[in-house]
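User: I would like to go through how some labels in this model were assigned, taking each value against its cut-off. Could we begin with what is meant by packing?

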Amino acid sequence: MDKATLASSSILGILEATHLTANQYNWLGTIFYLGYLAFEFPQNLALQRFPVGKWMSLNILIWGVALCCHAACKNFAGLFAVRLVLGICEGSITAGFMIVSSMFYTRREYTARVGYCSNGWNWFEGQVFLTSQTLMDVAGQIIIGFVSFGTLHVHTTGLEPWQWLMIITGTITLITALSFFFLFPDSPTNAWFLTEDERAKAVRRIKENQTGVENKHFKKEQMIEALTDPKTWLFALFGVFSNVPATVVNQLQIIIVSFGFSPIQTTLLGCVYGVLGNVSIFTGVTIASRIPNSIAWVGIAYYIPGFLGVFLVNFLPWHDRVGLLFSVWITITTATSFVLGLTWMSQTTAGHTKKVTSNAIMLSAYCIGNAAGPFMWRAKYKPRNHVPWIVAGVCYLTCVVLLFSIRGLLARENKRRDAEPRDDSFDDVHMVRINEDGKRTEVKVSKEFLDLTDRQNRDFRYVL
């Protein structure tokens, strides 16, 4: 919901009240992601060094305060500052949820959990305050549509509808931050809702992931491996190109109004976009989680409605406002492909520092795409916006090629490992443990808990 407040405010009076030009409005969308980008790697390092749940709670608290402060802004400079703070805080959310989810769920369960609950990316977000790429994110768009509809009926002398929207959503987030601090676990080892026996079982059940649980020690060699791994950069390119067109979310209300619908109608019509997103993500992650090694094919399939939407919105008659509306709505299916790509990257990366580094790179790419995207929605292209929609279509095609390439790369590596003799280098690793009586004993450590990377562990097989 919080991520959609700027778009909703565009028809609730914020443009007039703060004297925003079209270019300044685009900058408000961009600065959020520039802040996200600049602090993505520091946020990931902090997530490795500090308790994940507590660090995210702090960021959510600051986010809520900044969101409430929107209501006090009178000009572009004030909005620019608070949007920058939101972007800085956002850097911890998706990465934090991905890390925690991988600690609790097996790789077979992970895709569906992130899609249903996430970004997370955004459980997305759960992760109600992440990007509109996950089920709860698009669900948030449905709710905020009704909240926006309600604020349009609020008439007070001190505050305008867009200010009430910021205060309402900001207050909900502040409550969420407190709930997170006391209820959200940092890992299975300290989950308050599990008994000691259940905590041990929770750790053992993710043994098949071969990624360990958590390691607070930063390993330089794992960071270097992440930077030199080709799949890291293929996923990063996918993150860029899949999110340039995603910026239609910030323009959605303005686009619907341009079709001839009133602001009241637009607030409710925006809910449909969220409903279609829910259906799309739910079906996509369900199919991918039930059919082995189908992530790439499902992701590619969900770009097909996006291509159709781009074609129709460019060639339907301008007076066919219902047809144009449906053309825009069906492009939301492409969000499913991004969710699948995000979970796919996490499932194919092992080693805590490598995973943190890869997450930072992927989410930085996500920021770059979202930061660049707003500037294709220029005033000179309105009302048909042919150029932005053509750019969106080209990005969809590029993403299809990237998904196909990643799958081919990982499939070849799996075949190479199947043909290799088994690597027993890490079968006999021991660590020294000091007992309560002070005696030192050696304990054998299973390979699955050695924090090996996917390259080091030759028993690791990539999900396709």
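Analyst: Contact here means heavy atoms within 4.5 Å, and the model to which this is applied is a predicted one. In that sense, the buried residues of helix 4 pack against helix 1 (5-9), helix 3 (22-49), helix 5 (76-90), helix 6 (93-104) and helix 9.

User: Which residues of helix 4 are the buried ones?

Analyst: The buried residues are Val-52, Gly-53, Met-56, Ser-57, Asn-59, Ile-60, Trp-63, Gly-64, Ala-66 and Leu-67.

User: How do you know that the length of helix 4 agrees with what its residues should span?

Analyst: Helix 4 (residues 52-69) has 18 residues, which at 1.5 Å a residue should span 26 Å, and because its end C-alpha atoms are 26 Å apart, the two values agree.

User: Why is Thr-349 called buried?

Analyst: Buried means under 20% relative accessible area, and Thr-349 has 2%, so Thr-349 is buried. Thr-349 lies in the loop between helix 18 (334-347) and helix 19 (352-372), and its side chain reaches the backbone oxygen of Met-345 at 2.9 Å.

User: What makes Leu-183 partly exposed?

Analyst: Partly exposed lies between the 20% limit for buried and the 50% limit for exposed; Leu-183, at 46% relative accessibility, therefore counts as partly exposed. Leu-183 belongs to helix 9 (residues 161-183), and together with Leu-178, Phe-181, Phe-182, Trp-192 and Phe-193 forms a nonpolar surface patch with about 700 Å² of accessible area.

User: Why is Ile-224 called partly exposed?

Analyst: Ile-224, in helix 11 (residues 220-228), has a relative accessible area of 41% and is therefore partly exposed.

How values were computed
Residues are numbered from 1 along each chain as its sequence is written. This is a predicted model: local features need pLDDT of at least 70, side-chain atom pairs count only at pLDDT 80 or more; totals for chains, interfaces and linings use all residues. Side-chain values use heavy atoms; hydrogens and water are left out. Patches are made of residues with over 30% relative accessible area and no salt bridge: like charges are joined within 9 Å, nonpolar side chains (Val, Leu, Ile, Met, Phe, Trp, Tyr) within 5 Å. Accessible areas come from the Shrake-Rupley method with a 1.4 Å probe; for residues, only the protein chains shown count as cover. A salt bridge is a side-chain nitrogen of Lys or Arg within 4 Å of a carboxyl oxygen of Asp or Glu. Helices (H or I, at least four residues) and strands (E, at least two) are DSSP runs, numbered from the N terminus. Buried means under 20% relative accessible area, exposed over 50%, partly exposed in between (1.4 Å probe, protein chains only). A polar contact is a pair of N or O atoms within 3.5 Å; within protein, one must be able to donate a hydrogen and the other to accept it, and residues adjacent in sequence count only if both atoms are side-chain atoms. The expected span of a helix is 1.5 Å times one less than its number of residues.
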